[in-house]
Amino acid sequence: MRIRHDFPRRVTVRDHVLIPMRDGTALSARIWLPEDAEQAPVPALVEYLPYRKSDWTSVRDAQRHPWYAGHGYASIRIDMRGSGDSEGLMHDEYTPQEQQDAVDALAWIADQPWSTGKAGMFGISWGGFNSLQVAALRPPSLKAVVTVCSTDDRYADDVHYWGGSVLGIDMTAWAATMLAYQSRPPDPDRVGGAWRKMWLERLENLRPFAEIWLDHQERDDYWRQGSVCEDYSAIEAAVYAVGGWADPYRNTVFRLLEGLQCPAKGLVGPWSHQYPDRGLPPGPAIGFLQETLRWWDHWLKGVDTGVTDEPPLRTWMQEPVPPRTSYDIRPGRWVAEPSWPSPNVTPTPWTLGDGRLHPAGQPVNAHGTVLVASPQHTGTDAGRFFPFGNPADLPPDQRAEDGRSVCFDSAPLTGRVEILGMPEADLLLDCDRPAGQVVVRLCDIAPDGSSTLVTRGNLNLVHRDGDDAPRAWTPGSPERVRVGMTAIAHAFAPGHRIRLAVSSAYWPWVWPAPEPVTLDLRDGSLLLPVRAAAGPGPEPALPEFDEPEQAAPLPYVPGPPGERERQVTYDPQTGTWELVVDPNYGGTRTYPDGLVYEERVREAYRIRADDPLSARAESTWDIGLSRGDWRVEISTRSVVTASATHFTTDNQVIARESGAEVFSRSWRADIPRTSA
């Protein structure tokens, strides 16, 4: 990592700048500006988040916003309504109010004396989501977007549902996270004496998000709002979409390139849910700030940087590796595609027969009836849904999971097979219950028998006609279903085997059906997106990315390390399995302004191997904020369980000021299980 201290333009910082909304609410912003911007106006870059610029994102903000400002931009970090030091209340994620506020903020920015009237939006995850959502509203100043690890489809590709099933590991954990985040007060050093009134107003108006999300178990208008895939043509600003093979949102890059009519470019590296310059596993990191500067300079300054002359899609083709929960560097190479779908990728079928996986065209015997009845704890080695660059994020060796599944293996490969895109399983099966799911995993089996997860997918069988058209299964009536897997680039080496593993459970990623399920698998095939080199001879050379570069780091003091990130325990007497997680978002820090931020988190997912109704997800948060004689503490507890007919959510928030309780409330909701 190269740290940059000198820039083409000197930078000044304006803190707690209040941006007025049309209803009179003021949003708090931190603005990094070239010192001479009012004499030589600049375009603006906006990152718009609920995660608190004064503490939680301040470390990564310091890496990139001053860097952009030093290269001739107003780089602006805005706290969303009801978060950080902004006024107002936050009632949910990705609301029309959130998007309208961004439009108002862009209009205010365009009118400032230091602004040229042109703007870009960027962000990772939430900021990547709302960059696309705001672009679909076509504010006149917004000319370009960089969206990292984001989604265009709020139902199919976010933290709530996966393949039409409740995403047990993150539906519950992220709702609990947001409950804790919403409970934090603004900073008295910025908002003054109003902080306490603002804090209590936030607390009094809390509603746990899990209650809202579980009340929409199908893809309805709630999820369509903010899903830009509903109308790609609404986006006219140029879009640079970025993803990582270790991040769950990577399908978005491919869908955007296929669906957008505006100028678009895609980049997928080996990365986790992080900006690609931060150097967190898996690497290699790239000079992402320099790469995005080429994008901004082209669209916001009219500079010919050559960024639009390059192939529209660039991806990291991953080499086979032994299974590990972290890789400092994931071996591979950069490859480019002239479009997506790419003429270099051919859907290639493999047939399931006689218990094996066979290349299409090879004579096979029907495998007959294969029963799939996985124990409920299948999935405990799934790894983290949101890999964050921590040591235990990625799935370990899959042999234990494979043993709880039905597996179809190819013969050892005689040549190298590279895939790029979204594999798919086509299965003819029956289900012995009205509701169930089928989970497929694609694994790379090395000659020593180790099993490395390549990609996976899930289908809630009630959603086989579509996520907006639930239909109960009729036992005794086999049907053919398609199970899509998450996009991937992976090379299978000669001598390795390709494995398709099929299971009927995947806890805690998939909340189990109300009853134990047995699937009767009759027939099937695997469709692999096989990539061939473009034309004869070696592939064309691609320009190298620059070395990662950032502005000077924020001089904060980290606290002690947290607990072990992931632990799996088994009680053989009761048959209970428990996964305990510390998400390790950052923990305790002391900031340069004297603020001490403390964060302790524990997630626990429990299930009995024989009882789907024993599934239980719990998340607890303890947060402390202090400076001098000012101290507040927030404790939250969130639990989700289910009966055969209802989901039950239990949430509690306790807030203290100087050790004295100032707020306490509990919520309980019983939500009918409609189809999830």
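## Cysteines

In this predicted model, the count of disulfides is zero. A disulfide requires a pair of cysteine sulfur atoms within 2.5 Å. Cys262 takes part in none, as its nearest cysteine sulfur, that of Cys229, lies 14 Å away. Cys262 is also buried, with a relative accessible area of 9%.

Cys443 is likewise in no disulfide; here the nearest cysteine sulfur belongs to Cys407, at 7.2 Å. Because its relative accessibility is 0%, Cys443 counts as buried.

## Nonpolar core

The largest nonpolar core contains 189 residues. Within this core, the residues with the most contacts are Ile76, Trp296 and Leu427. Helix 4, which covers residues 168-182, supplies the largest share of the core, at nine residues.

## Surroundings of Trp296

Trp296 is one of the core residues with the most contacts inside the core. Setting aside neighbours within four places in sequence, Trp296 is in contact with Leu45, Tyr68 and Tyr73, with Gly120, Met121 and Phe122, with Ala144, Val145 and Val146, and with Lys301.

## Helix 4

Helix 4 is made up of 15 residues. From its first C-alpha to its last, helix 4 reaches 21 Å, close to the 21 Å expected at 1.5 Å a residue.

Is helix 4 mostly covered or mostly uncovered, and how many of its residues are buried? Helix 4 is mostly covered, with 15 of its 15 residues buried.

Key. Residues are numbered from 1 along each chain as its sequence is written. This is a predicted model: local features need pLDDT of at least 70, side-chain atom pairs count only at pLDDT 80 or more; totals for chains, interfaces and linings use all residues. Side-chain values use heavy atoms; hydrogens and water are left out. Buried means under 20% relative accessible area, exposed over 50%, partly exposed in between (1.4 Å probe, protein chains only). A nonpolar core is a set of buried Ala, Val, Leu, Ile, Met, Phe, Trp, Tyr and Cys residues joined through side-chain atoms within 4.5 Å. Helices (H or I, at least four residues) and strands (E, at least two) are DSSP runs, numbered from the N terminus. Contact means heavy atoms within 4.5 Å. The expected span of a helix is 1.5 Å times one less than its number of residues.
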